[in-house]
Amino acid sequence: MKPVNDTRSPSRRELLDRVRDRATAALEPADAGSTPRHLIGRSTHMYRSGRARATGNTKALPSPPSAAIITLNRLGFGPRGNELANFNALPGSNDHQRLTNWVDQQLDPASIDDSTCDTRIASAGYTTLNKSLAQLWQDHIESSPPWQVRIQPYYEVERATLLRAVWSKRQLLELLTDFWHNHFNIYGPDSWAAPIWSHWDRAVIRGNALGNFRTMLGQVAQHPAMLYYLDNYTSSSAGPNENWARELFELHSLGTDHYMGVIRQNQVPTGPGGKPVAYVDDDVFEATRCFTGWTFDFDTGAFEYRADWHDHFQKTVLGTYIGANQPALSDGNVVLDEVAYHPGTARYISTKLATRLIGDNPDPSVIDAAAAVFEAEATAPDQLAQVVRTIVLHPSFLTTWGDKIKRPLELVASAMRAADGRFTFALDDDDTGTLLWRFDQAGQPLFGWRAPNGFPDHKDDWTSATPRVMGWRLMNWLIDVRNDSDVFRLNVIAQTPVGVRTANQLADFWISRVFGMAIPTEERHEIVEFMAQGHNPDFDLPLDTDEDTQDRLRSMVGLLLMSPSFLWR
Amino acid sequence: MRHPTRRGFVTGCSAAIAGMAGARFPSMAFADPEGTINNEIFVVVFLRGGMDGLNLVVPLSGVDRGHYATARPNIKVPLTGSDSALPLDGQFGFHRAAQPLHELYQDGNVAVVNATGLDEASRSHFDSMEFIERGTPGIKTTASGWLARHFLSAHNLPSEIVMPSVSVGNLQATSLLGDRNTINMSDPDSFNLQLGPWEWRDAQRVALRHMYSGDDTWLHRSGLQALDAMDIVELNVTGNYTPANGAVYPSGSFGDGLQVIAQMTKLDLGLRVSTLDLGGWDTHVNQGDDGAGYFGSLIGTLSEGLAALYTDLDGAGPNNYTNRLTMVVQSEFGRRLFENDDEGTDHGHANPMIVISGNAIGGVHGAWPGIGPGQLFDDADLAVTTDFRRVLSEILIRRMGNNHLGVVFPAYSDYQPLGIVNGTDLPPNYSGEIGGLFSDNFESGDTGAWTLTTP
């Protein structure tokens with residue numbers, strides 16, 4: 001029996017329109033080319049709160065599985081192939097030593113042969129991933145190309161991100177790239193971000209994910225995508241715009257745990273070195289003045305410092321006095337130094353990283369240890385790698401499980417890795433377009449979070465019905481046939497060995513393949529029951545000849561991917 | 001009285017789901033011979049990003065018009081011409097694009113409350129939203145939302161409601177955080193597993209329910225919540241929805257979401273609370289000249305949507321939902337009095353709240369603090385004169401009959417009605433205690449839902 005396809009899959013045309021609608025919502029008129037540039041658009045942030053929450057777990061969580069399973073699920077997008085076995089074969093006499101070896105290799109991504117992934121990316125036919133900023137600007141903005149060409153770099157990064165999540169052996173780099181994209185969130189489909197998205201992804205985010213925070217911050221502050229998104233490109237002494245400076249403090253560095261609101265600077269208590277322990281609104285406004293004149297050239301995309309736009313008077317930021325008439329860029333760079341080296345930033349970034357890498361309620365001692373490294377290595381070129389290493393080698397890493405849930409990206413990538421999904425996300429592939437649309441439905445359109453705080457990380461935000469139902473629905477989409485052919489997206493039948501034909505055998509083979517471990521008895525029982533459908537689970541099923549049985553097995557695999565066990569992190 | 005559940009429904013449903021596919025769950029009418037059950041429909045619309053309230057509810061007269069016009073030379077809403085403001089009470093007027101809302105106002109169905117906000121001074125979007133939606137200004141770690149605690153403490157709801165609350169969108173509203181009866185959904189038509197081999201989908205659903213019943217962790221509970229939601233929606237939503245009374249919703253996700261709220265309301269499954277967001281209000285640049293442009297188009301979407309929902313729900317007899325309906329529109333803060341050099345506005349403080357109800361006491365309410373020198377908050381922003389909790393508390397008490405303010409808004413202690421909606425006043429109960437009945441916290445909720453934690 002031939003499976004019935006979802007008839008609601010949008011056409012490629014509809015998908016393009018959809019993204020275009022999102023991207024041009026702010027443009028008036030829609031034709032950007034005919035509007036004076038200084039009047040074009042704004043960041044239409046869809047603000048939504050997404051802060052870590054004080055969820056108390058009232059019932060017992062599952063026992064932590066093996067070190068290999070924890071590591072590959074929390075420091076990457078789930079195990080694939082023989083990766084669990086490879087982890088267990090690493091040198092070392094205990095889990096901690098093997099984890100150390102795995103992490104040290106991952107923190108040196110160049111040492112990992114990633115030719116399989118590279119080949120996949122090469123075969124996908126992307127053309128914009130390695131272009132320079134100037135080239136992207138010329139090819140995708142300045143030459144006034146059609147919309148699909150303008151936005152192509154964003155499309156290609158979306159697809160390459162999925163490919164890498166599924167195929168790259170540098171899993172920790174991929175996970176951290178996702179983390180930093182969200183930390184310095186920009187709405188990707190924005191009409192001025194999309195054409196240069198591959199540079200933002202490659203040079204700023206990916207290039208610094210294991211590097212130095214201050215270095216990354218400096219590149220963020222001068223990138224046209226961010227200058228545009230948070231409006232600093234237009235900020236001048238005559239008309240300062242606070243948007244970038246505010247989010248720099250609130251989201252990128254100190255965080256609101258170190259925000260004391262609308263009080264005066266001299267009312268803030270001081271800590272070590274006489275530095276204020278927190279920022280206040282007046283620091284935001286003073287910092288805004290420091291960044292006046294930080295803009296970019298609309299003809300080339302190059303960062304530009306406009307001395308004639310800069311507020312040259314003296315300022316005070318976080319207790320540091322900045323004299324009048326400083327050299328070009330100095331004021332802004334002092335602010336970046338002040339926030340990057342503030343102890344509050346060390347704690348805030350460490351807390352966010354530990355929440356991502358360990359669990360939603362990380363042990364305070366992890367944060368203490370990571371923050372200490374963050375501060376001590378503040379100028380080290382591998383500062384962030386050292387902070388990550390400190391977090392994941394903390395004893396609580398291997399004893400924490402079930403304090404996080406997979407978000408849609410992690411769910412889909414891990415499902416494809418577990419069940420060996422092999423399709424490539426090409427630019428003009430209708431099926432890929434459908435998948436990306438389904439991410440949107442599930443609440444996680446890639447690079448599509450509008451507000452500058454990035455997708456929420458805490459499980460409370462991902463346990464409501466939309467992400468759950470739409471996440472399950474995505475699993476049934478994965479086991480289905482492609483839009484454009486009768487080829488199944490997951491080759492479930494061919495992967496099932498010849499000797500595996502009873503309901504019990506099929507359940508156990510696929511449980512092992514998907515999870516690499518046993519799952520709770522009641523979950524396995526349901527899988528077997530589903531496959532047996534009331535018959536003896538030790539009877540052979542006509543998998544080789546009966547399409548209905550084949551469909552049932554595909555649906556059984558879908559069910560495994562929808563199970564509680566597949567969602568834990 | 002316990003927090004409403006839908007255990008009975010779910011139990012019946014799960015056993016029969018495979019056979020019932022396509023069947024419509026019988027409409028639940030809440031017979032209430034003693035008149036003790038509250039049937040109010042409450043819709044909360046949150047404008048994300050900091051809506052520029054001074055350009056929605058515009059000073060039209062007196063010295064404040066002068067202050068306003070001086071502070072906003074480019075973006076002010078004019079007094080004359082095609083973009084001129086729509087007068088409300090002589091002192092204030094709506095933005096021109098709020099025409100549909102103005103018509104509701106003229107019918108006496110809109111209460112505008114000026115200068116509302118947080119007593120906690122924060123110009124952070126994210127903190128301000130947390131403070132408001134959790135109902136605990138200054139505390140962003142409270143483990144539940146204020147609307148969740150309304151359900152927890154309301155003593156006048158039926159013991160079972162199939163669909164007590166709907167949170168439209170990709171993620172559940174923080175105001176409903178902790179309420180696992182909430183149906184979080186964007187589009188009822190795709191809110192199902194109808195992909196993959198069709199002949200095994202129902203069996204998958206049955207197996208899923210069993211798997212997610214296998215333990216009692218937060219993950220299992222959330223899975224059951226999703227399965228319940230999916231069952232309820234799929235069994236009850238049939239065919240295309242046609243709005244009543246010729247109501248036309250604006251295109252886009254906001255109009256779509258409002259239409260979902262209307263559709264869910266008319267299922268008569270007991271819907272009491274709905275939430276929906278409209279974003280895009282963080283207008284630091286190019287807000288639009290003379291009140292037109294970007295901001296105006298957003299106000300148009302907002303007003304057309306609210307009016308469409310009101311029209312759609314306005315019927316006769318059992319279809320008269322507007323006599324039970326109260327909508328409240330709020331944002332995390334307002335914006336500065338002074339426009340910036342980019343013809344935008346930066347983060348400010350106080351803002352109007354808009355209450356639309358068949359039971360509204362129409363008019364402009366709330367003390368107006370003035371916008372002259374010495375009257376502004378921090379020399380820059382409209383000052384707060386009315387705690388946002390006061391507005392919401394009046395709706396809670398007068399419309400929803402819930403006076404447990406100590407549970408819904410812990411630490412709030414000086415409630416007085418403003419007179420924005422009709423209804424019976426009850427003495428506010430500021431006790432955080434809700435009795436041993438709730439010793440299990442939140443009726444199968446996954447958190448100690450109403451427990452407060454301080455940072």
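Modeller: Two residues are in contact if their C-beta atoms, placed from the backbone, lie within 7 Å. Please keep in mind that this is a predicted model.

Biologist: How many residues does the contact take from chain B and from chain A?

Modeller: Chain B contributes 72 residues and chain A contributes 78 residues. On the side of chain B that touches chain A, at least two residues each come from helix H4 (125-134), strand S7 (182-185), helix H6 (201-212), helix H7 (218-236) and H9 of chain B. H7(B) gives the most to that side, with 9 residues. Sorted by class, the side of chain B that touches chain A holds 26 nonpolar, 31 polar and 15 charged residues.

Biologist: How is the size of an interface often given?

Modeller: It is often expressed as the accessible area lost when the parts come together.

Biologist: Is H8(B) mostly covered or mostly uncovered?

Modeller: A residue is buried if 20 or more other C-beta atoms lie within 10 Å of its own. In H8(B), 10 of the 14 residues are buried, and the helix is thus mostly covered. Among them are B:Phe254, B:Leu258, B:Ile261 and B:Met264.

Biologist: What covers the buried residues of H8(B)?

Modeller: The covering elements include strand S1 (41-47), strand S6 (165-168), strand S8 (273-278) and helix H9 (293-312) of chain B.

Methods
Residues numbered from 1 in each chain as written. Chains lettered and ligands numbered in written order. Predicted model: local features only at pLDDT ≥ 70, side-chain atom pairs only at ≥ 80, totals over all residues. Buried ≥ 20, exposed ≤ 12 C-beta atoms within 10 Å, placed from the backbone. Helix = DSSP H or I, 4+ residues; strand = E, 2+ residues; numbered from the N terminus. Nonpolar A, V, L, I, M, F, W, Y, C, P; charged D, E, K, R; others polar.
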